[in-house]
Protein chains: 2
Amino acid sequence: MATHKVVIQPSGLTVEAATGALVSEAIQQAGLEVAQPCGGQGRCGRCAVQVEGGARRRSSLRLSSEDLQAGYALACQTVIEGDLTITIPEQEKIERRMVTDKAAARIGLPFPYSSDLQGVHAFRLSLPEPNLQDNTDDLTRLSNGLTLAGYPHVEVPLGMVRHMGEALRQSEWTPWVALELRSWSRPEGPPRLLDLRAEPIEPLGLAIDIGTTTVSAHLVNLSSGEVIETAAEYNGQIAFGEDVISRIIYASKNDGLSSLTQRLQQTIELLLDRIQKRTGVGGDQILKAVVAGNTTMIHLFLGIPPAPIRVAPYIPTVNLPAVYLAGEIGLPINPQAVVDCLPGVASYVGSDISAGALACDIATTDHLTLFIDVGTNGEIVLGTRDWLITCACSAGPAFEGAGVVDGMRATEGAIEEVWVNSTTYEPTYRVIGGGKPRGICGSGLISLLAELFVTGVVDRAGAVKLELDSRRVRQGDHGPEYVVAWAAETETGRDIVLTKVDVDNLMRAKAAIYAGFTVLAASVGVSLSDVEQVLVGGSFGKYINVEKAVQIGLLPDLPWERFRFLGNTSLQGTYMALLSLDQRQLLAQVARQMTYIELSADNSFYEAFTAAMFLPHTEIARFPSVAEIWEHNSAREPAPGGATNP
Amino acid sequence: MATHKVVIQPSGLTVEAATGALVSEAIQQAGLEVAQPCGGQGRCGRCAVQVEGGARRRSSLRLSSEDLQAGYALACQTVIEGDLTITIPEQEKIERRMVTDKAAARIGLPFPYSSDLQGVHAFRLSLPEPNLQDNTDDLTRLSNGLTLAGYPHVEVPLGMVRHMGEALRQSEWTPWVALELRSWSRPEGPPRLLDLRAEPIEPLGLAIDIGTTTVSAHLVNLSSGEVIETAAEYNGQIAFGEDVISRIIYASKNDGLSSLTQRLQQTIELLLDRIQKRTGVGGDQILKAVVAGNTTMIHLFLGIPPAPIRVAPYIPTVNLPAVYLAGEIGLPINPQAVVDCLPGVASYVGSDISAGALACDIATTDHLTLFIDVGTNGEIVLGTRDWLITCACSAGPAFEGAGVVDGMRATEGAIEEVWVNSTTYEPTYRVIGGGKPRGICGSGLISLLAELFVTGVVDRAGAVKLELDSRRVRQGDHGPEYVVAWAAETETGRDIVLTKVDVDNLMRAKAAIYAGFTVLAASVGVSLSDVEQVLVGGSFGKYINVEKAVQIGLLPDLPWERFRFLGNTSLQGTYMALLSLDQRQLLAQVARQMTYIELSADNSFYEAFTAAMFLPHTEIARFPSVAEIWEHNSAREPAPGGATNP
């Protein structure tokens with residue numbers, strides 16, 4: 001058998017390897033470590049290295065086309081066939097590639113996005129000084145000056161009149177003014193006076209995404225489109241309930257609504273304080289705001305009772321809010337600033353989804369596209385430029401870590417990815433922040449469940465196989481469970497486990513979402529396999545591992561290249577609407593265009609849900625790539641009874 | 001000498017009287033009392049009786065043409081020349097004739113004033129119930145219903161959206177709505193939703209007059225024009241200063257402005273509480289408000305710093321406020337109600353004057369008219385339908401009782417009218433409420449000063465003649481003074497006096513107002529004697545005694561018939577503007593039409609003021625009726641040196 005010269009970079013070590021040897025074996029031969037948490041099964045992607053020369057890739061799971069073009073190969077799945085050079089990327093580079101480059105690959109959004117159509121204009125005005133012969137009042141003098149500057153009939157809100165006398169005199173009758181020339185609610189004007197100061201005014205705007213869990217904001221220079229600063233913070237309402245339903249219930253208690261509204265205002269205040277500390281820009285300098293959020297969050301933001309959202313026929317009070325003034329809402333920016341809450345579609349498909357649809361271009365594409373936003377709920381849009389159909393799946397908050405014994409939100413100390421060795425069943429995990437684990441976040445749960453399934457620790461019905469020869473599986477207080485981390489390794493000093501009940505909750509959540517896909521596709525007569533691109537939005541989507549999500553049947557089994565991870569599409573669409581009234585117009589069209597399907601009124605949903613309550617699905621044929629792995633593994637064990645036809 | 005039979009009614013007593021005897025003598029001969037507080041000089045008008053038969057009136061001062069037509073004559077000035085019947089009116093009737101019929105004779109105002117142009121419309125709406133197939137949101141459902149009812153594009157304020165969900169469901173989708181179809185600020189619409197309830201809605205409005213001293217309001221049924229209730233209360237700001245200048249100074253202190261604004265809000269709340277107690281109508285049912293007041297009061301009402309009003313060149317921040325929402329102002333009515341603050345003319349000619357000008361018809365008359373409103377300040381309008389000229393005289397608050405040792409406001413215990421016997425110099429006075437006196441109010445001060453002047457107690461320069469043989473004149477702590485009431489007669493147990501310093505203050509006040517007349521007339525080249533009607537507005541004007549006011553030189557010396565007393569013209573004009581957008585339009589024209597003369601910038605004012613610092617005036621020829629009385633009295637004493645040419 002021929003041997004080949006293998007150079008390993010950046011160390012420069014050289015080893016001889018026989019034809020047919022694995023790249024991973026050559027690396028180990030040189031005395032170097034190669035990470036193989038999946039046990040060398042080509043599933044985790046952690047052993048990716050760059051290879052140049054005689055090598056053949058047996059499998060390239062978890063590698064994108066960009067990765068392949070850059071010469072990446074999985075060390076455990078690549079066979080040596082000639083001389084070659086292997087470059088082991090730095091650990092940090094692997095992390096970034098895994099988390100950022102791939103998982104958060106951003107669709108080509110026009111950042112920064114400059115537009116003449118943002119509507120706010122600031123400039124300096126020169127007025128004649130008053131005297132005893134010209135005793136025109138301040139307001140009329142200002143209006144005359146604005147008319148001469150080309151802006152007749154400017155509306156001046158009371159708040160501006162209140163500060164006008166001082167500002168005009170301080171500026172010695174040459175004040176800076178900010179006008180809203182046009183807004184979404186009145187594209188034809190008249191202009192409104194937003195600000196009047198002795199000091200120069202920069203037109204600044206705020207894009208806000210109000211999530212059930214997280215509130216995020218961009219401070220934007222409206223002239224240049226530059227995102228000056230970004231901040232995000234947990235929604236302070238969490239103290240009153242983790243999901244929208246518990247918030248709605250809380251809102252109907254005495255003072256519950258105003259407490260929730262205040263909490264949200266305080267959260268935004270916190271963001272603005274942080275922005276001010278970093279940039280020196282105070283809230284009162286912000287002259288325009290655009291807001292997206294799910295329908296319940298928008299109701300709570302505006303102080304509107306959300307109760308009807310929760311009871312049949314699930315009617316929100318408002319899907320298409322008018323623009324209101326910051327002062328009347330209680331948003332702590334310039335009280336004269338208009339606040340444009342973007343249009344939603346229905347009680348459970350809010351403006352976060354319409355903004356996301358704008359950002360992800362689903363309404364302008366020729367390709368059959370599936371847009372999903374898995375946050376605390378799962379909302380789905382399917383369609384092309386010609387039609388759009390949408391629904392919401394009450395997935396529950398399992399993917400936010402709620403309803404799971406050791407579940408937690410994706411903060412420091414959360415296990416965010418897990419690999420299980422298919423021989424030893426021992427896990428390897430990555431913890432956010434790098435310290436000891438405290439629990440498992442959503443992406444960690446998906447990853448863990450997928451690993452347990454493909455390594456055979458749980459069966460297709462989600463049962464933990466206690467008969468396995470591993471101390472990791474055991475009968476716990478909550479029934480059968482798998483131990484991810486021993487007490488000694490954890491921050492809390494307690495074992496971190498995944499129980500059978502947790503598995504059931506996760507399966508219900510993933511089944512609800514997959515059933516949503518099924519119902520949408522069926523309702524327009526297309527097959528999920530026809531979907532040409534899957535666009536994943538939401539902060540959760542940013543860290544989701546598609547391969548694992550496919551393995552548990554959360555996402556449809558499509559080629560890797562069809563998936564794109566867009567990050568916070570809601571905030572991106574909000575930013576676009578802030579900067580361009582044309583984009584705002586387009587967003588309104590998109591919201592109108594979306595046909596909403598109420599799943600609770602749809603019998604086919606229940607059937608689809610039941611069918612999806614297996615790993616990955618009752619009809620495993622829907623998941624060919626998973627079937628392949630599973631069949632390979634299941635050679636070692638019997639298939640669950642009647643799994644293909646429950 | 002012939003004797004005549006005199007029958008005295010209603011007693012039926014008969015006496016014989018000689019030719020040339022006075023009616024008052026015949027009455028006394030019958031053993032009856034006749035009130036002659038002026039000492040039978042025909043000045044006080046208190047001895048008016050009805051006569052039928054042989055009698056000749058020597059003088060009819062204080063009697064109107066209506067009085068004469070009704071057979072009234074002054075008993076002290078009517079000579080018996082044949083048989084006659086005398087009817088002595090009841091005391092109560094005299095009072096009413098004096099105070100109400102004459103002093104508050106109302107110009108022919110169209111009360112109640114019904115108009116289709118008031119702009120607010122209330123009706124019941126029927127909406128289709130939502131269901132799972134028709135899951136339109138509440139706001140869109142309401143908008144669709146309004147469109148079907150003939151009202152497309154209705155603007156729905158956030159406050160309405162907040163209550164909409166509950167109101168629609170409570171009303172079982174047949175809510176009552178109130179729309180503002182058009183308002184002053186947008187005569188062309190679009191309509192705005194003002195109210196949405198399950199219960200029937202009546203369109204109600206509020207007219208408010210904010211005086212420096214008193215705030216008055218009418219609750220009005222906007223459909224019928226009926227004034228449902230009226231209430232008035234002292235302006236709670238009085239605690240922070242009696243006049244506008246001290247309020248402006250207070251407003252520039254820390255929190256001063258917001259304290260003043262709050263006090264005013266509390267005063268209006270008090271009025272509304274009282275209205276609610278009497279009528280059951282809560283503030284939240286009031287859907288429209290129109291407000292008048294002097295420029296400082298309007299600034300304070302709207303929370304606008306009034307500081308520039310006080311410093312040259314006396315520029316207010318706003319003369320023509322836009323309409324604002326009750327909620328943003330803090331007016332405790334329906335927060336969605338528009339509040340229309342009427343237009344003023346200048347810093348010291350506010351919307352109380354333009355509303356008054358509307359109410360008194362000065363802008364539509366062919367007759368040269370002088371409209372004056374003597375409140376805490378004195379504002380004057382001179383003109384006809386073709387031109388209007390206006391000014392404000394800083395009369396100071398002397399006529400409000402301030403700056404006068406025993407001055408007080410016109411409340412219970414105030415001496416409101418005084419007569420001085422020209423022989424004994426003893427006074428007779430009338431006290432508001434009829435009890436013991438506590439001080440002297442504005443009308444009492446005018447009356448007292450006039451009596452002291454015509455009886456010779458004070459000279460034309462305003463000096464108290466200490467040399468008179470009366471214990472009423474004396475050297476007091478504050479210099480020479482006249483005692484109106486002895487300590488034993490008063491509520492306070494102290495003498496009530498008028499000092500030389502008080503007289504000086506009153507003379508400065510009256511001189512400022514008369515100088516205003518002079519400057520206005522001169523500036524357009526007319527003579528004050530050409531004035532065809534003098535219209536006196538303001539709550540003070542309601543109780544002013546014209547004859548006395550002429551005697552001290554406060555009002556021009558014109559025939560009695562040319563004077564009319566209109567009461568609160570500001571509130572009347574406000575009521576008209578509330579009920580008719582046409583009247584509101586006319587009011588705006590009137591305000592624009594008025595040419596303002598800033599007296600502080602006018603040298604001729606100072607000359608006119610100095611000339612008016614005599615009783616009644618340096619040029620006594622300007623006051624022929626006063627000259628006649630004074631010359632008659634001054635036969636007993638020397639004229640003041642150089643009085644006609646100081």
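The following questions and answers concern a predicted model and the grounds for some of the terms used to describe it.

User: What makes chains A and B related by a two-fold axis?

Analyst: Chain B can be laid on chain A by a turn of 179° and a shift of 0.1 Å along the axis, with an RMSD of 0.3 Å. That is the relation of a two-fold axis. Within chain B, the residue whose C-alpha comes closest to the rotation axis is B:E328, at 4.0 Å.

User: How do you know that the copies meet through the same surface?

Analyst: Of the interface residues of chain B, 97% are also interface residues in chain A, so the same surface is used by both copies.

User: Why is helix α11 of chain B called largely enclosed?

Analyst: A residue counts as buried under 20% relative accessible area. In α11(B), 13 of the 13 residues are buried, so the rest of the structure largely encloses this helix.

User: What span is expected for α11(B), and what does the helix reach?

Analyst: This helix, residues 442–454, has 13 residues, and 1.5 Å a residue gives an expected 18 Å. From first C-alpha to last, α11(B) reaches 18 Å, close to that value. Just after the helix, B:G456 takes a positive phi of about 85°.

User: Why are β6 and β8 of chain B called edge strands?

Analyst: The order in this open sheet of three strands is β6-β7-β8, with antiparallel pairing. β6 (120–124) and β8 (192–197) each have a single partner strand, so one side of each is left without a neighbour in the sheet. From one strand to the next, the twist averages 20°.

User: How do you know that β6(B) and β7(B) pair?

Analyst: Pairing requires at least two bridges. Five bridges join β6(B) to β7(B), residues 176–180, and the two run antiparallel.

User: What makes β10 of chain A mostly covered?

Analyst: Seven of the eight residues in this strand, residues 214–221, are buried.

User: Which strands pair with β10(A), and how do you know?

Analyst: With at least two bridges as the requirement, β9(A) qualifies through seven antiparallel bridges to β10(A). A:A207 stands opposite A:H218 there, and three residues separate the strands in their hairpin. β11(A) also pairs with β10(A) in the antiparallel sense, over seven bridges. In that pair A:S216 stands opposite A:A232. Their hairpin has five residues between the strands, and A:G225 takes a positive phi near 85° in it.

How values were computed:
Residues are numbered from 1 along each chain as its sequence is written. Chains are lettered from A and ligands numbered from 1 in the order in which they are written. This is a predicted model: local features need pLDDT of at least 70, side-chain atom pairs count only at pLDDT 80 or more; totals for chains, interfaces and linings use all residues. Side-chain values use heavy atoms; hydrogens and water are left out. Helices (H or I, at least four residues) and strands (E, at least two) are DSSP runs, numbered from the N terminus. The expected span of a helix is 1.5 Å times one less than its number of residues. Buried means under 20% relative accessible area, exposed over 50%, partly exposed in between (1.4 Å probe, protein chains only). Copies are superposed by least squares on the C-alpha atoms of residues with pLDDT of at least 70 in both. Contact means heavy atoms within 4.5 Å. Axes are lines fitted to C-alpha atoms, for helices over the stretch in contact, and angles run from 0 to 180 degrees between N-to-C directions.
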